[in-house]
Amino acid sequence: MNAPAAGGKAPAAGVGATASGQRAGRAGRAGRWLAVPVTARVVAVTESGITWRLVAGLLPAGEARTALTPTGGGTLVRDTVDWTSPGGALGRVLDVVLVRRRVLRLLAARAVAVRCRAERLARGRVVVGAAIVRDGRLLAQQRAYPAEAAGRWELPGGRVEPGETDAKAVVRECAEELGVAVRVDQPLGPDLPLTADLLLRVYAATLADPDAEPTAVEHRALRWVDPAELAALDWLPADRALVPALRRLLTAAAP
């Protein structure tokens, strides 16, 4: 059975949390509580969330999940923790009085942290990226600098300037980095945090002139990538997170 722990909405995200056990218990107010070490093993990561299994600590037989659901106002984040209470009367008392309350307080604190993070990102700067597709292949560019990123691949793009729309920023950045004009389509995949106050937002795009040839004005090299090559390319971390969405884009655009 489930009991709500905390919830709320921010301009960029909503937050929810639930905890599950054999017995229901009332959630106390979030406050100070004794920290208990927990060891978890990630068992599944998808675009819709992450699941990890608790292997040591307060709930060694437990499992936790974070589900991500797109909404009209952003992304709803919902945390769920499931566990099996110890048997007998003492186990039921410990579940309601101790374990359940601590789990709910932990989830409430996490909900506040996620909400604050979303509000900060909503006030931050946006970096746009362009997923340019031609003949079923995606254009990627290889970084020349800085040293820690040199040789890795990313999508064309850059920061949105004050007073500039996302679409205009995509067009400007592609002209500066590739020497070509593009047509901007719909957003692709989720917004991705790059830093504490910087967000990556990628848009599908096509060349305004299908016969135009992009050039590596600011990067080491350019490459047209087909769906089978996407996962093997040495992407920068934020771009790699978009590989599933990029694969769907290429599949839909296949000639």
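# Report on a predicted protein chain

The accessible surface of the protein chain comes to about 13,600 Å², and 56% of that surface belongs to carbon and sulfur atoms. The model described here is a predicted one, and its protein chain holds four helices and 13 strands. Of the 255 residues in the protein chain, 39% count as buried. Where contacts in the protein chain link residues at least 6 apart in sequence, 60% of them join residues at least 24 apart.

## Helix H4 and its cover

Helix H4 spans residues 243-253, and its buried residues are Val243, Ala245, Leu246, Leu249 and Leu250. These residues lie on the same side of H4, because the arc that they cover around the axis is only 160°. An α-helix has 3.6 residues a turn, so residues three or four places apart point the same way. On the face of H4 that is turned away from the buried side, the exposed residues Thr251 and Ala252 are found.

What lies over the buried residues of H4? The cover includes the strands S7 (125-134), S8 (137-142), S11 (182-195), S12 (198-207) and S13 (221-225), together with helix H3 (237-240).

## A nonpolar patch

Leu90, Val93, Leu94, Val97 and Leu98 make a nonpolar surface patch of about 420 Å². Leucine 98, one of these residues, has its place in helix H1, which runs over residues 88-122. With a relative accessible area of 30%, leucine 98 is partly exposed.

Aspartate 166 is found in helix H2, which comprises residues 166-178. Is aspartate 166 buried or exposed? Its relative accessibility is 16%, and aspartate 166 therefore counts as buried, the cut-off for that class being under 20%.

The side chain of aspartate 166 meets that of arginine 201 in a salt bridge, with a distance of 2.9 Å from N to O. Since aspartate 166 lies in helix H2 and arginine 201 in strand S12, the pair ties together parts that are 35 residues apart in sequence. A polar contact of 2.6 Å also joins the side chains of aspartate 166 and tyrosine 203. When residues up to four places away in sequence are not counted, aspartate 166 touches Val126, Val128, Val160, Arg201 and Tyr203.

## Salt bridges

A search of the whole structure finds 13 salt bridges, and the table gives some of them, with the distance between nitrogen and oxygen for each pair.

| Residue | Partner | N to O distance |
|---|---|---|
| Aspartate 166 | Arginine 201 | 2.9 Å |
| Arginine 172 | Glutamate 164 | 2.8 Å |
| Arginine 223 | Glutamate 229 | 3.2 Å |

Arginine 172, which pairs with glutamate 164, counts as partly exposed at 22% relative accessibility. In the pair made by arginine 223 and glutamate 229, arginine 223 is partly exposed with a relative accessible area of 31%, and glutamate 229 counts as partly exposed at 26% relative accessibility. Elsewhere, salt bridges that share partners join Arg53, Glu63, Arg65 and Asp82 into one network.

## Proline 214 in its loop

Proline 214 is found in the loop between S12 and S13, and with a relative accessible area of 11% this residue is buried. Which residues does proline 214 touch, if those up to four places away in sequence are not counted? They are Leu139, Leu178, Val180, Leu207, Leu222 and Trp224. Proline 214 and leucine 139 are 75 residues apart in sequence, while their C-alpha atoms are 9.0 Å apart in space.

## Two backbone features

Most residues other than glycine have a negative phi, and most peptide bonds are trans. Against that background, two places in the backbone can be pointed out. Tyrosine 145 and proline 146 are joined by a cis peptide bond, with omega at about -5°, and proline 146 is found in the loop between S8 and strand S9 (153-154). Aspartate 135, a residue other than glycine, has a positive phi near 55°. The position of aspartate 135 is in the loop between S7 and S8, where aspartate 135 is exposed, with a relative accessible area of 62%.

Definitions and conventions
Residues are numbered from 1 along each chain as its sequence is written. This is a predicted model: local features need pLDDT of at least 70, side-chain atom pairs count only at pLDDT 80 or more; totals for chains, interfaces and linings use all residues. Side-chain values use heavy atoms; hydrogens and water are left out. Buried means under 20% relative accessible area, exposed over 50%, partly exposed in between (1.4 Å probe, protein chains only). Helices (H or I, at least four residues) and strands (E, at least two) are DSSP runs, numbered from the N terminus. The arc is that of the directions from the helix axis to the C-beta atoms. Contact means heavy atoms within 4.5 Å. Patches are made of residues with over 30% relative accessible area and no salt bridge: like charges are joined within 9 Å, nonpolar side chains (Val, Leu, Ile, Met, Phe, Trp, Tyr) within 5 Å. Accessible areas come from the Shrake-Rupley method with a 1.4 Å probe; for residues, only the protein chains shown count as cover. A salt bridge is a side-chain nitrogen of Lys or Arg within 4 Å of a carboxyl oxygen of Asp or Glu. A polar contact is a pair of N or O atoms within 3.5 Å; within protein, one must be able to donate a hydrogen and the other to accept it, and residues adjacent in sequence count only if both atoms are side-chain atoms.
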